[in-house]
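Here is a short briefing on one protein model. Look at the structure first, then read the points by topic.

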Amino acid sequence: MGDKSSLDCKEDRLTACPDCAQEKLRKLEPGDCLTLLPGRYTKPLTAVGLRGLAGSTITIKGATPKDKWWKVQNSQRLPDEDQDTLFTSCVTADDYKTKANEAAARKQAAGSFPGLYYLADEAQLYLRDCQHVTIKGLYFDKCWPTALYIDNCQDIVVRACQFRWGTFAIGATGQHTRHILVEKCRWRQNPDNQESGKPAGHWKKIAWQRIHGDISNSGVPPDYGVVNIEDDYRHFDGDFFAAWRIAGFVTLRKNLIEDAFNAIHLFNFEDTPSPLLNLNVVIEKNRFERIRDNAIEPEGGAWNWIVRHNELVDVYSWFSFEMKRSGWFYIYGNVGWHTQSPGPGKKPPEGIDPDARRGGAIFKLTSRHAADGPTYFFHNSFHLRERIAKQKRFAGLRFFNNAIVFCQNAQGECSETESLFAKDLKSRDTPHSRYDKEGDIIAAEKNRFTKDWEKLGIAFYSNVIYGADRLHDLRSAGYPFGENSRDGYPGFKGPLTAEATTAESFQLKCDTDGADDATEASIGFTLETKGWRTFEEQGCRNIGAYQEDGSLFALEEEFGWLEHKPGTAD
(Lines give C-alpha, C1' and ligand atoms only; values in the text may rest on other atoms or scores of the structure.)
Protein backbone atom coordinates (compact mmCIF):
# COMPACT_ATOMS: atom_id res chain seq x y z
CA MET A 1 0.00 0.00 0.00
CA GLY A 2 3.06 2.27 -0.13
CA ASP A 3 5.06 4.02 2.58
CA LYS A 4 2.14 5.73 4.29
CA SER A 5 -0.56 4.10 6.34
CA SER A 6 -4.22 4.75 5.61
CA LEU A 7 -4.36 7.00 8.67
CA ASP A 8 -1.38 9.09 7.53
CA CYS A 9 -2.93 9.26 4.05
CA LYS A 10 -6.18 10.69 5.39
CA GLU A 11 -4.35 13.37 7.33
CA ASP A 12 -2.35 14.53 4.30
CA ARG A 13 -4.56 16.61 1.98
CA LEU A 14 -2.47 15.88 -1.12
CA THR A 15 -1.92 12.15 -0.67
CA ALA A 16 -4.61 9.54 -1.21
CA CYS A 17 -5.06 5.82 -0.97
CA PRO A 18 -7.97 3.74 -2.35
CA ASP A 19 -10.34 4.29 0.57
CA CYS A 20 -10.03 8.10 0.66
CA ALA A 21 -9.24 9.05 -2.93
CA GLN A 22 -12.79 10.16 -3.79
CA GLU A 23 -12.95 12.52 -0.82
CA LYS A 24 -9.56 14.06 -1.65
CA LEU A 25 -10.52 14.62 -5.30
CA ARG A 26 -13.44 16.84 -4.33
CA LYS A 27 -11.24 19.34 -2.48
CA LEU A 28 -8.50 20.00 -5.01
CA GLU A 29 -7.63 23.60 -5.82
CA PRO A 30 -5.56 25.29 -8.53
CA GLY A 31 -1.91 24.28 -8.30
CA ASP A 32 -2.58 21.16 -6.19
CA CYS A 33 -0.86 17.87 -7.01
CA LEU A 34 -2.68 14.87 -5.54
CA THR A 35 -0.54 11.74 -5.30
CA LEU A 36 -2.45 8.46 -5.45
CA LEU A 37 -0.40 5.92 -3.55
CA PRO A 38 0.28 2.42 -4.88
CA GLY A 39 -2.62 0.06 -4.43
CA ARG A 40 -5.73 -1.31 -6.09
CA TYR A 41 -8.42 1.28 -6.85
CA THR A 42 -11.50 -0.83 -7.53
CA LYS A 43 -14.22 1.75 -6.87
CA PRO A 44 -14.87 4.12 -9.80
CA LEU A 45 -13.69 7.66 -9.06
CA THR A 46 -15.45 10.79 -10.30
CA ALA A 47 -13.97 14.27 -10.48
CA VAL A 48 -16.65 16.93 -11.02
CA GLY A 49 -16.02 20.64 -11.48
CA LEU A 50 -12.28 20.66 -10.81
CA ARG A 51 -11.00 24.05 -11.93
CA GLY A 52 -7.31 24.65 -12.26
CA LEU A 53 -5.90 27.74 -13.95
CA ALA A 54 -4.00 28.08 -17.21
CA GLY A 55 -0.76 28.64 -15.30
CA SER A 56 -1.69 26.61 -12.24
CA THR A 57 -3.10 23.23 -13.20
CA ILE A 58 -4.48 20.54 -10.94
CA THR A 59 -2.46 17.31 -11.19
CA ILE A 60 -3.63 13.81 -10.25
CA LYS A 61 -0.48 11.73 -10.16
CA GLY A 62 0.03 8.03 -9.73
CA ALA A 63 3.04 6.11 -8.54
CA THR A 64 3.54 3.96 -11.65
CA PRO A 65 7.29 3.98 -12.46
CA LYS A 66 8.52 6.31 -15.20
CA ASP A 67 9.85 3.73 -17.65
CA LYS A 68 9.71 4.34 -21.41
CA TRP A 69 7.03 1.74 -22.11
CA TRP A 70 5.82 3.54 -25.25
CA LYS A 71 9.11 2.60 -26.97
CA VAL A 72 9.16 -1.14 -26.21
CA GLN A 73 6.81 -3.25 -28.33
CA ASN A 74 5.25 -6.60 -27.45
CA SER A 75 6.32 -6.71 -23.80
CA GLN A 76 4.03 -4.64 -21.61
CA ARG A 77 4.86 -5.01 -17.95
CA LEU A 78 2.14 -6.60 -15.83
CA PRO A 79 0.59 -4.34 -13.20
CA ASP A 80 1.91 -4.59 -9.66
CA GLU A 81 -0.27 -3.06 -6.94
CA ASP A 82 2.77 -2.76 -4.65
CA GLN A 83 4.36 -0.22 -7.01
CA ASP A 84 1.53 0.89 -9.34
CA THR A 85 -1.46 3.11 -8.81
CA LEU A 86 -3.73 0.45 -10.26
CA PHE A 87 -7.26 1.21 -11.44
CA THR A 88 -9.20 -2.00 -12.11
CA SER A 89 -12.73 -3.34 -12.18
CA CYS A 90 -11.36 -6.81 -11.33
CA VAL A 91 -13.42 -8.25 -14.20
CA THR A 92 -11.73 -10.50 -16.74
CA ALA A 93 -12.34 -10.33 -20.46
CA ASP A 94 -14.07 -13.70 -20.38
CA ASP A 95 -16.38 -12.52 -17.61
CA TYR A 96 -17.30 -9.32 -19.46
CA LYS A 97 -17.70 -10.98 -22.85
CA THR A 98 -21.27 -12.24 -22.32
CA LYS A 99 -22.43 -8.96 -20.77
CA ALA A 100 -21.01 -7.05 -23.75
CA ASN A 101 -22.65 -9.38 -26.27
CA GLU A 102 -26.00 -9.06 -24.52
CA ALA A 103 -25.73 -5.27 -24.55
CA ALA A 104 -24.84 -5.31 -28.25
CA ALA A 105 -27.76 -7.64 -29.01
CA ARG A 106 -30.20 -5.28 -27.29
CA LYS A 107 -28.83 -2.38 -29.32
CA GLN A 108 -29.25 -4.35 -32.54
CA ALA A 109 -32.78 -5.44 -31.60
CA ALA A 110 -33.68 -1.76 -31.20
CA GLY A 111 -32.61 -1.09 -34.78
CA SER A 112 -29.14 0.38 -34.11
CA PHE A 113 -25.60 -0.75 -34.76
CA PRO A 114 -24.61 -3.36 -32.14
CA GLY A 115 -21.77 -1.41 -30.54
CA LEU A 116 -20.97 -0.58 -26.91
CA TYR A 117 -20.53 3.15 -27.54
CA TYR A 118 -23.58 4.00 -25.45
CA LEU A 119 -21.94 2.36 -22.42
CA ALA A 120 -18.61 4.19 -22.74
CA ASP A 121 -19.39 6.52 -19.83
CA GLU A 122 -19.16 3.55 -17.44
CA ALA A 123 -15.55 4.38 -16.60
CA GLN A 124 -13.15 3.68 -13.76
CA LEU A 125 -12.06 7.33 -13.69
CA TYR A 126 -14.59 9.96 -14.82
CA LEU A 127 -13.84 13.67 -15.34
CA ARG A 128 -16.84 15.93 -15.74
CA ASP A 129 -16.96 19.73 -16.13
CA CYS A 130 -13.24 20.04 -15.37
CA GLN A 131 -10.61 22.49 -16.63
CA HIS A 132 -6.79 22.56 -16.55
CA VAL A 133 -6.31 19.06 -15.12
CA THR A 134 -3.38 16.69 -15.70
CA ILE A 135 -3.60 12.92 -15.18
CA LYS A 136 -0.31 11.03 -15.17
CA GLY A 137 1.39 7.88 -13.97
CA LEU A 138 -1.71 5.66 -13.59
CA TYR A 139 -2.10 2.02 -14.61
CA PHE A 140 -5.54 0.93 -15.85
CA ASP A 141 -6.07 -2.82 -16.06
CA LYS A 142 -9.29 -4.66 -16.88
CA CYS A 143 -11.45 -1.53 -16.79
CA TRP A 144 -14.61 -2.59 -18.65
CA PRO A 145 -15.82 -1.01 -20.72
CA THR A 146 -13.81 2.20 -20.20
CA ALA A 147 -10.76 3.27 -18.24
CA LEU A 148 -10.90 7.09 -18.44
CA TYR A 149 -13.85 9.22 -19.58
CA ILE A 150 -13.73 12.98 -20.24
CA ASP A 151 -17.09 14.78 -20.30
CA ASN A 152 -17.46 18.51 -21.09
CA CYS A 153 -13.89 19.33 -20.10
CA GLN A 154 -11.21 21.73 -21.33
CA ASP A 155 -7.41 21.58 -21.18
CA ILE A 156 -6.99 17.99 -20.04
CA VAL A 157 -3.59 16.27 -20.21
CA VAL A 158 -3.23 12.47 -19.99
CA ARG A 159 0.44 11.56 -19.77
CA ALA A 160 2.49 8.43 -19.12
CA CYS A 161 -0.43 6.14 -18.29
CA GLN A 162 -0.68 2.45 -19.07
CA PHE A 163 -3.87 0.77 -20.25
CA ARG A 164 -4.42 -2.97 -20.47
CA TRP A 165 -7.61 -4.74 -21.54
CA GLY A 166 -10.88 -2.81 -21.85
CA THR A 167 -13.20 -1.79 -24.67
CA PHE A 168 -12.14 1.87 -24.55
CA ALA A 169 -8.96 3.26 -23.04
CA ILE A 170 -10.02 6.92 -23.22
CA GLY A 171 -13.45 8.28 -24.12
CA ALA A 172 -14.41 11.92 -24.60
CA THR A 173 -17.76 13.61 -25.19
CA GLY A 174 -19.38 17.04 -25.16
CA GLN A 175 -19.52 19.76 -27.79
CA HIS A 176 -17.52 22.05 -25.51
CA THR A 177 -14.81 19.46 -24.83
CA ARG A 178 -11.54 20.75 -26.27
CA HIS A 179 -7.78 20.97 -25.79
CA ILE A 180 -6.90 17.40 -24.89
CA LEU A 181 -3.31 16.14 -24.94
CA VAL A 182 -2.62 12.39 -24.70
CA GLU A 183 1.06 11.51 -24.80
CA LYS A 184 3.47 8.73 -23.87
CA CYS A 185 0.67 6.31 -23.02
CA ARG A 186 0.34 2.65 -23.90
CA TRP A 187 -2.66 0.41 -24.57
CA ARG A 188 -2.73 -3.32 -25.22
CA GLN A 189 -6.39 -4.05 -25.63
CA ASN A 190 -5.90 -7.81 -25.88
CA PRO A 191 -2.68 -8.92 -24.17
CA ASP A 192 -3.56 -12.51 -25.08
CA ASN A 193 -2.98 -11.57 -28.70
CA GLN A 194 0.41 -13.28 -28.52
CA GLU A 195 1.05 -17.02 -28.17
CA SER A 196 4.64 -18.27 -28.25
CA GLY A 197 5.67 -14.92 -29.69
CA LYS A 198 3.20 -15.11 -32.60
CA PRO A 199 -0.06 -13.19 -33.11
CA ALA A 200 -3.20 -14.89 -31.83
CA GLY A 201 -6.31 -13.41 -30.21
CA HIS A 202 -8.44 -11.15 -32.37
CA TRP A 203 -5.57 -10.59 -34.82
CA LYS A 204 -5.41 -14.18 -36.07
CA LYS A 205 -8.05 -16.32 -34.36
CA ILE A 206 -11.22 -14.21 -34.15
CA ALA A 207 -13.07 -13.36 -37.36
CA TRP A 208 -13.66 -9.64 -37.92
CA GLN A 209 -17.44 -10.03 -38.02
CA ARG A 210 -17.49 -11.60 -34.53
CA ILE A 211 -16.30 -8.25 -33.16
CA HIS A 212 -17.90 -5.67 -35.45
CA GLY A 213 -20.31 -7.46 -37.78
CA ASP A 214 -23.83 -6.23 -38.44
CA ILE A 215 -26.68 -7.29 -40.69
CA SER A 216 -25.83 -4.36 -42.98
CA ASN A 217 -22.26 -5.54 -43.69
CA SER A 218 -21.53 -6.54 -47.27
CA GLY A 219 -19.74 -9.78 -47.99
CA VAL A 220 -20.74 -11.31 -44.65
CA PRO A 221 -23.17 -14.25 -44.39
CA PRO A 222 -26.47 -13.09 -42.83
CA ASP A 223 -26.11 -15.27 -39.75
CA TYR A 224 -22.76 -13.61 -38.98
CA GLY A 225 -24.40 -10.18 -38.85
CA VAL A 226 -26.71 -11.08 -35.98
CA VAL A 227 -25.09 -10.80 -32.56
CA ASN A 228 -24.23 -14.22 -31.15
CA ILE A 229 -24.34 -14.12 -27.35
CA GLU A 230 -22.05 -17.13 -26.95
CA ASP A 231 -19.58 -16.69 -29.79
CA ASP A 232 -19.16 -12.96 -30.43
CA TYR A 233 -16.44 -10.72 -28.97
CA ARG A 234 -18.19 -7.35 -28.86
CA HIS A 235 -16.16 -6.30 -25.82
CA PHE A 236 -13.21 -5.70 -28.17
CA ASP A 237 -15.16 -3.34 -30.45
CA GLY A 238 -13.62 -0.17 -29.07
CA ASP A 239 -10.79 2.33 -29.36
CA PHE A 240 -7.71 3.74 -27.66
CA PHE A 241 -9.17 7.23 -28.01
CA ALA A 242 -12.84 7.56 -28.90
CA ALA A 243 -14.57 10.94 -29.01
CA TRP A 244 -18.23 11.67 -29.61
CA ARG A 245 -18.92 15.13 -31.07
CA ILE A 246 -16.25 17.13 -29.29
CA ALA A 247 -15.00 20.55 -30.38
CA GLY A 248 -11.44 19.39 -31.00
CA PHE A 249 -7.93 20.76 -30.42
CA VAL A 250 -6.76 17.23 -29.65
CA THR A 251 -3.13 16.08 -29.76
CA LEU A 252 -2.19 12.39 -29.54
CA ARG A 253 1.58 12.03 -29.42
CA LYS A 254 4.16 9.31 -28.78
CA ASN A 255 1.63 6.63 -27.77
CA LEU A 256 2.01 2.90 -28.36
CA ILE A 257 -1.24 1.17 -29.35
CA GLU A 258 -1.05 -2.59 -29.84
CA ASP A 259 -3.31 -5.59 -30.30
CA ALA A 260 -6.44 -3.48 -30.59
CA PHE A 261 -9.49 -3.42 -32.83
CA ASN A 262 -9.42 0.36 -33.44
CA ALA A 263 -7.06 3.09 -32.36
CA ILE A 264 -8.18 6.72 -32.85
CA HIS A 265 -11.84 7.34 -33.62
CA LEU A 266 -13.64 10.71 -33.55
CA PHE A 267 -17.35 11.00 -34.35
CA ASN A 268 -19.26 13.96 -35.74
CA PHE A 269 -22.97 14.03 -36.55
CA GLU A 270 -23.38 11.43 -39.27
CA ASP A 271 -25.93 12.94 -41.67
CA THR A 272 -25.24 16.65 -41.17
CA PRO A 273 -21.76 16.98 -39.67
CA SER A 274 -21.13 20.19 -37.75
CA PRO A 275 -18.18 22.36 -38.90
CA LEU A 276 -17.69 23.31 -35.25
CA LEU A 277 -16.71 19.77 -34.22
CA ASN A 278 -13.71 17.49 -34.91
CA LEU A 279 -11.47 20.49 -35.53
CA ASN A 280 -7.70 20.83 -35.20
CA VAL A 281 -6.44 17.33 -34.41
CA VAL A 282 -2.77 16.33 -34.38
CA ILE A 283 -1.71 12.66 -34.46
CA GLU A 284 2.07 12.38 -34.38
CA LYS A 285 4.94 10.06 -33.42
CA ASN A 286 2.63 7.20 -32.42
CA ARG A 287 3.10 3.52 -33.19
CA PHE A 288 0.10 1.41 -34.22
CA GLU A 289 0.69 -2.33 -34.27
CA ARG A 290 -1.71 -5.19 -35.01
CA ILE A 291 -4.82 -3.02 -35.40
CA ARG A 292 -7.59 -5.31 -36.62
CA ASP A 293 -9.81 -2.62 -38.14
CA ASN A 294 -8.90 1.09 -38.35
CA ALA A 295 -5.93 3.04 -37.07
CA ILE A 296 -7.29 6.54 -37.72
CA GLU A 297 -11.00 7.13 -38.26
CA PRO A 298 -12.78 10.49 -38.33
CA GLU A 299 -16.51 9.99 -38.90
CA GLY A 300 -19.16 12.30 -40.32
CA GLY A 301 -16.91 15.32 -40.83
CA ALA A 302 -13.53 16.68 -39.73
CA TRP A 303 -11.29 19.63 -40.56
CA ASN A 304 -7.69 20.69 -39.92
CA TRP A 305 -6.02 17.39 -39.10
CA ILE A 306 -2.28 16.70 -39.08
CA VAL A 307 -1.14 13.06 -39.18
CA ARG A 308 2.65 12.85 -39.24
CA HIS A 309 5.67 10.79 -38.23
CA ASN A 310 3.69 7.71 -37.16
CA GLU A 311 4.55 4.03 -37.60
CA LEU A 312 1.81 1.66 -38.79
CA VAL A 313 2.60 -2.05 -38.54
CA ASP A 314 0.09 -4.75 -39.46
CA VAL A 315 -2.89 -2.43 -39.68
CA TYR A 316 -5.96 -3.64 -41.59
CA SER A 317 -7.28 -0.21 -42.66
CA TRP A 318 -4.87 2.63 -42.11
CA PHE A 319 -7.08 5.66 -42.76
CA SER A 320 -10.84 5.19 -42.61
CA PHE A 321 -12.23 8.26 -44.37
CA GLU A 322 -15.92 7.44 -44.67
CA MET A 323 -16.92 11.06 -44.08
CA LYS A 324 -19.71 13.12 -45.57
CA ARG A 325 -17.44 16.19 -45.74
CA SER A 326 -13.98 17.25 -44.61
CA GLY A 327 -10.99 19.33 -45.54
CA TRP A 328 -7.45 20.47 -44.83
CA PHE A 329 -5.84 17.18 -43.86
CA TYR A 330 -2.03 16.98 -43.90
CA ILE A 331 -0.71 13.41 -43.82
CA TYR A 332 3.06 13.21 -44.18
CA GLY A 333 6.26 11.63 -42.92
CA ASN A 334 4.58 8.34 -41.94
CA VAL A 335 5.98 4.84 -42.51
CA GLY A 336 4.06 1.58 -42.60
CA TRP A 337 4.61 -2.09 -43.32
CA HIS A 338 3.22 -5.57 -42.76
CA THR A 339 4.53 -8.81 -41.31
CA GLN A 340 1.45 -10.98 -41.84
CA SER A 341 -2.24 -10.87 -42.74
CA PRO A 342 -4.96 -10.77 -40.06
CA GLY A 343 -7.84 -13.13 -39.42
CA PRO A 344 -8.23 -16.89 -39.51
CA GLY A 345 -8.61 -16.91 -43.31
CA LYS A 346 -11.28 -17.96 -45.78
CA LYS A 347 -10.47 -21.61 -45.07
CA PRO A 348 -9.65 -21.60 -41.37
CA PRO A 349 -8.98 -24.58 -39.12
CA GLU A 350 -12.03 -26.60 -38.14
CA GLY A 351 -14.21 -24.89 -35.57
CA ILE A 352 -13.08 -21.34 -36.44
CA ASP A 353 -15.17 -18.88 -38.45
CA PRO A 354 -14.02 -17.91 -41.95
CA ASP A 355 -12.98 -14.29 -42.34
CA ALA A 356 -13.35 -12.37 -45.59
CA ARG A 357 -11.96 -9.13 -44.11
CA ARG A 358 -8.27 -9.88 -44.28
CA GLY A 359 -7.05 -7.67 -47.11
CA GLY A 360 -7.29 -4.10 -45.95
CA ALA A 361 -5.99 -0.96 -47.66
CA ILE A 362 -4.40 2.40 -46.98
CA PHE A 363 -7.77 4.13 -47.45
CA LYS A 364 -11.30 3.04 -46.59
CA LEU A 365 -13.47 5.52 -48.47
CA THR A 366 -17.06 6.62 -48.98
CA SER A 367 -19.52 6.82 -51.88
CA ARG A 368 -20.43 10.49 -51.41
CA HIS A 369 -17.98 13.06 -50.06
CA ALA A 370 -17.79 16.86 -50.23
CA ALA A 371 -14.34 18.43 -49.98
CA ASP A 372 -14.43 21.75 -48.15
CA GLY A 373 -10.65 21.77 -48.53
CA PRO A 374 -7.95 19.42 -49.81
CA THR A 375 -6.59 16.25 -48.22
CA TYR A 376 -2.82 16.21 -48.74
CA PHE A 377 -1.07 12.83 -48.58
CA PHE A 378 2.64 13.34 -49.25
CA HIS A 379 6.17 12.19 -48.39
CA ASN A 380 5.13 8.86 -46.87
CA SER A 381 6.89 5.49 -47.28
CA PHE A 382 5.04 2.17 -47.24
CA HIS A 383 5.58 -1.53 -47.84
CA LEU A 384 2.14 -2.80 -48.83
CA ARG A 385 0.55 -6.19 -49.22
CA GLU A 386 -2.80 -4.72 -50.30
CA ARG A 387 -4.28 -1.84 -52.25
CA ILE A 388 -4.11 1.90 -51.79
CA ALA A 389 -7.91 2.04 -52.14
CA LYS A 390 -10.30 -0.80 -52.98
CA GLN A 391 -13.41 1.14 -53.93
CA LYS A 392 -15.50 4.30 -53.84
CA ARG A 393 -14.19 7.88 -53.84
CA PHE A 394 -12.84 10.79 -51.86
CA ALA A 395 -12.94 14.32 -53.26
CA GLY A 396 -9.94 16.62 -52.92
CA LEU A 397 -7.33 13.87 -52.39
CA ARG A 398 -3.81 14.99 -53.41
CA PHE A 399 -1.38 12.06 -53.33
CA PHE A 400 2.22 13.00 -54.17
CA ASN A 401 5.91 12.46 -53.38
CA ASN A 402 5.20 9.06 -51.78
CA ALA A 403 7.45 6.00 -52.04
CA ILE A 404 5.66 2.64 -52.11
CA VAL A 405 6.79 -0.96 -52.55
CA PHE A 406 4.29 -3.79 -52.91
CA CYS A 407 5.42 -7.01 -51.29
CA GLN A 408 6.57 -10.01 -53.25
CA ASN A 409 5.33 -13.55 -52.64
CA ALA A 410 8.37 -14.45 -50.57
CA GLN A 411 7.80 -11.61 -48.14
CA GLY A 412 5.11 -13.05 -45.90
CA GLU A 413 1.40 -13.50 -46.68
CA CYS A 414 1.22 -11.15 -49.66
CA SER A 415 -2.06 -10.45 -51.35
CA GLU A 416 -2.84 -12.79 -54.21
CA THR A 417 -3.69 -9.77 -56.40
CA GLU A 418 -1.34 -6.83 -56.58
CA SER A 419 -3.24 -3.72 -57.59
CA LEU A 420 -3.25 -0.08 -56.62
CA PHE A 421 -6.98 0.38 -56.81
CA ALA A 422 -9.05 -2.81 -57.20
CA LYS A 423 -9.72 -6.12 -58.87
CA ASP A 424 -12.23 -4.60 -61.31
CA LEU A 425 -9.75 -2.05 -62.56
CA LYS A 426 -10.90 -1.77 -66.18
CA SER A 427 -14.62 -1.37 -65.57
CA ARG A 428 -15.90 1.90 -66.95
CA ASP A 429 -18.70 4.19 -65.88
CA THR A 430 -21.70 4.22 -68.21
CA PRO A 431 -24.24 7.05 -68.36
CA HIS A 432 -27.20 4.65 -68.09
CA SER A 433 -26.11 2.65 -65.04
CA ARG A 434 -24.04 4.96 -62.88
CA TYR A 435 -25.71 4.31 -59.52
CA ASP A 436 -26.76 1.08 -57.88
CA LYS A 437 -30.45 0.39 -57.33
CA GLU A 438 -30.36 2.07 -53.90
CA GLY A 439 -28.79 5.19 -55.40
CA ASP A 440 -25.99 5.10 -52.84
CA ILE A 441 -22.91 4.34 -54.92
CA ILE A 442 -21.78 4.45 -58.51
CA ALA A 443 -22.12 0.84 -59.57
CA ALA A 444 -18.61 0.47 -60.98
CA GLU A 445 -17.10 1.89 -57.79
CA LYS A 446 -18.29 -1.04 -55.71
CA ASN A 447 -15.22 -2.90 -56.95
CA ARG A 448 -12.70 -0.17 -57.73
CA PHE A 449 -11.53 3.33 -56.84
CA THR A 450 -13.20 6.15 -58.74
CA LYS A 451 -11.93 7.43 -62.09
CA ASP A 452 -13.67 10.82 -61.83
CA TRP A 453 -10.44 12.51 -60.78
CA GLU A 454 -10.87 15.80 -62.60
CA LYS A 455 -14.43 16.30 -61.37
CA LEU A 456 -13.52 15.40 -57.78
CA GLY A 457 -10.22 17.27 -57.62
CA ILE A 458 -8.17 14.09 -57.14
CA ALA A 459 -4.51 14.06 -58.18
CA PHE A 460 -1.72 11.45 -58.00
CA TYR A 461 1.73 12.66 -59.08
CA SER A 462 5.45 12.41 -58.34
CA ASN A 463 5.14 9.02 -56.63
CA VAL A 464 7.58 6.14 -57.03
CA ILE A 465 5.70 2.83 -56.87
CA TYR A 466 7.12 -0.66 -57.29
CA GLY A 467 5.48 -4.01 -57.81
CA ALA A 468 1.83 -3.26 -58.57
CA ASP A 469 0.08 -2.22 -61.79
CA ARG A 470 2.16 -0.51 -64.47
CA LEU A 471 1.30 3.15 -64.72
CA HIS A 472 0.69 2.97 -68.47
CA ASP A 473 -1.92 0.26 -67.82
CA LEU A 474 -3.56 2.40 -65.18
CA ARG A 475 -3.63 5.40 -67.47
CA SER A 476 -5.13 3.35 -70.28
CA ALA A 477 -7.78 2.10 -67.82
CA GLY A 478 -8.80 5.70 -67.13
CA TYR A 479 -6.62 6.79 -64.18
CA PRO A 480 -4.90 10.07 -65.16
CA PHE A 481 -1.66 9.86 -63.19
CA GLY A 482 0.17 13.19 -63.25
CA GLU A 483 3.70 14.32 -63.94
CA ASN A 484 6.79 12.56 -62.65
CA SER A 485 4.90 9.43 -61.54
CA ARG A 486 7.15 6.44 -62.00
CA ASP A 487 7.22 2.68 -61.88
CA GLY A 488 10.36 1.70 -60.07
CA TYR A 489 12.00 0.70 -56.84
CA PRO A 490 12.48 3.75 -54.59
CA GLY A 491 15.74 2.45 -53.20
CA PHE A 492 14.71 1.61 -49.64
CA LYS A 493 17.71 0.55 -47.57
CA GLY A 494 15.76 -2.43 -46.20
CA PRO A 495 15.41 -5.11 -45.17
CA LEU A 496 11.74 -5.47 -46.11
CA THR A 497 10.95 -8.84 -44.59
CA ALA A 498 8.37 -10.03 -42.10
CA GLU A 499 11.06 -10.63 -39.49
CA ALA A 500 13.39 -7.69 -39.90
CA THR A 501 11.61 -4.54 -41.17
CA THR A 502 11.95 -1.44 -39.01
CA ALA A 503 11.10 2.20 -39.63
CA GLU A 504 14.72 2.82 -40.64
CA SER A 505 14.33 0.27 -43.44
CA PHE A 506 12.63 3.06 -45.41
CA GLN A 507 15.67 5.28 -45.55
CA LEU A 508 16.94 5.58 -49.11
CA LYS A 509 20.12 3.95 -50.32
CA CYS A 510 21.16 5.32 -53.68
CA ASP A 511 23.24 2.34 -54.76
CA THR A 512 20.45 -0.23 -54.30
CA ASP A 513 20.45 -2.54 -57.32
CA GLY A 514 17.79 -1.54 -59.81
CA ALA A 515 16.69 1.47 -57.77
CA ASP A 516 14.80 4.28 -59.38
CA ASP A 517 16.52 7.31 -57.91
CA ALA A 518 14.05 8.87 -55.46
CA THR A 519 16.83 10.87 -53.84
CA GLU A 520 16.31 14.63 -54.08
CA ALA A 521 13.64 13.99 -56.73
CA SER A 522 10.47 15.40 -55.14
CA ILE A 523 8.31 17.98 -56.86
CA GLY A 524 7.72 21.30 -55.15
CA PHE A 525 4.22 22.08 -53.93
CA THR A 526 1.98 24.61 -52.24
CA LEU A 527 -0.29 23.66 -49.35
CA GLU A 528 -3.47 25.61 -48.80
CA THR A 529 -4.76 26.06 -45.26
CA LYS A 530 -8.14 26.76 -43.75
CA GLY A 531 -6.77 30.11 -42.66
CA TRP A 532 -5.13 32.87 -44.70
CA ARG A 533 -1.66 31.47 -45.25
CA THR A 534 -0.06 28.88 -47.53
CA PHE A 535 3.03 26.67 -47.23
CA GLU A 536 5.57 26.61 -50.04
CA GLU A 537 8.00 23.72 -50.58
CA GLN A 538 10.59 24.02 -53.33
CA GLY A 539 11.05 20.30 -53.98
CA CYS A 540 14.30 18.49 -54.76
CA ARG A 541 14.03 16.55 -51.52
CA ASN A 542 13.78 12.77 -51.14
CA ILE A 543 10.55 11.21 -52.33
CA GLY A 544 9.08 9.31 -49.39
CA ALA A 545 9.29 9.88 -45.65
CA TYR A 546 13.02 9.78 -44.91
CA GLN A 547 15.24 12.64 -46.01
CA GLU A 548 18.94 12.85 -46.81
CA ASP A 549 19.97 13.52 -43.20
CA GLY A 550 18.02 10.51 -41.88
CA SER A 551 15.16 12.56 -40.47
CA LEU A 552 11.50 12.24 -41.39
CA PHE A 553 10.08 14.81 -43.76
CA ALA A 554 8.93 17.98 -42.00
CA LEU A 555 7.61 21.27 -43.31
CA GLU A 556 9.99 24.17 -42.98
CA GLU A 557 7.38 26.14 -41.03
CA GLU A 558 4.88 25.02 -38.40
CA PHE A 559 1.10 25.34 -38.46
CA GLY A 560 0.09 28.44 -36.54
CA TRP A 561 -2.94 26.91 -34.84
CA LEU A 562 -1.07 24.15 -32.96
CA GLU A 563 -1.73 24.23 -29.22
CA HIS A 564 0.53 21.46 -27.92
CA LYS A 565 3.87 22.03 -29.62
CA PRO A 566 6.69 19.53 -29.01
CA GLY A 567 9.28 20.73 -26.55
CA THR A 568 13.02 20.30 -26.87
CA ALA A 569 12.84 16.99 -24.98
CA ASP A 570 10.47 15.52 -27.58
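Buried means under 20% relative accessible area, exposed means over 50%, and partly exposed is in between (1.4 Å probe, protein chains only). This is a predicted model: local features need pLDDT of at least 70, side-chain atom pairs count only at pLDDT 80 or more, and totals for chains, interfaces and linings use all residues. Residues are numbered from 1 along each chain as its sequence is written, and side-chain values use heavy atoms, with hydrogens and water left out.

**Salt bridges**

- A salt bridge is a side-chain nitrogen of Lys or Arg within 4 Å of a carboxyl oxygen of Asp or Glu. The count comes to 28 salt bridges.
- Asp32 and Arg13 pair up at 2.8 Å, N to O. Arg13 is partly exposed, at 39% relative accessibility. Asp32 is buried, at 8%.
- These two partners are 19 residues apart. Asp32 sits in the loop between helix H2 (21-26) and strand S2 (33-36), and Arg13 in the loop between helix H1 (6-11) and strand S1 (15-16). Helices (H or I, at least four residues) and strands (E, at least two) are DSSP runs, numbered from the N terminus.
- Asp232 and Arg210 also form a salt bridge, with their closest N and O atoms 3.2 Å apart. Asp232 lies in a loop and Arg210 in helix H5 (residues 209-212), so the pair ties together parts 22 residues apart in sequence. Both residues are buried.
- Salt bridges that share partners join Arg186, Arg188, Glu258, Asp259, Arg287, Glu289, Arg290 and Glu311 into one network.

**Nonpolar core**

- A nonpolar core is a set of buried Ala, Val, Leu, Ile, Met, Phe, Trp, Tyr and Cys residues joined through side-chain atoms within 4.5 Å.
- The largest one has 93 residues, and Phe240, Phe241, Phe288 and Phe363 touch the most other members. Strand S23 (residues 287-308) gives the largest share of this core, seven residues.
- Beyond its neighbours within four places in sequence, Phe241 is in contact (heavy atoms within 4.5 Å) with residues including Ile170, Val182, Leu252 and His265.

**Largest cavity**

- On a 1 Å grid over the protein atoms alone, a cavity is a set of points where a 1.4 Å probe fits but cannot get out; lining residues have an atom within 4 Å of a point.
- The largest cavity holds about 130 Å³ of space, a volume being the space filled by probe spheres set on the points.
- Its lining has 18 residues, and Val315, Trp318, Gly359, Arg385 and Glu386 are the closest to the centre.
- Strand S24 gives the most to this lining, with four residues.

Conventions
On a 1 Å grid over the protein atoms alone, a cavity is a set of points where a 1.4 Å probe fits but cannot get out, and a pocket is an open set with protein on both sides within 12 Å along at least five of seven lines; lining residues have an atom within 4 Å of a point.
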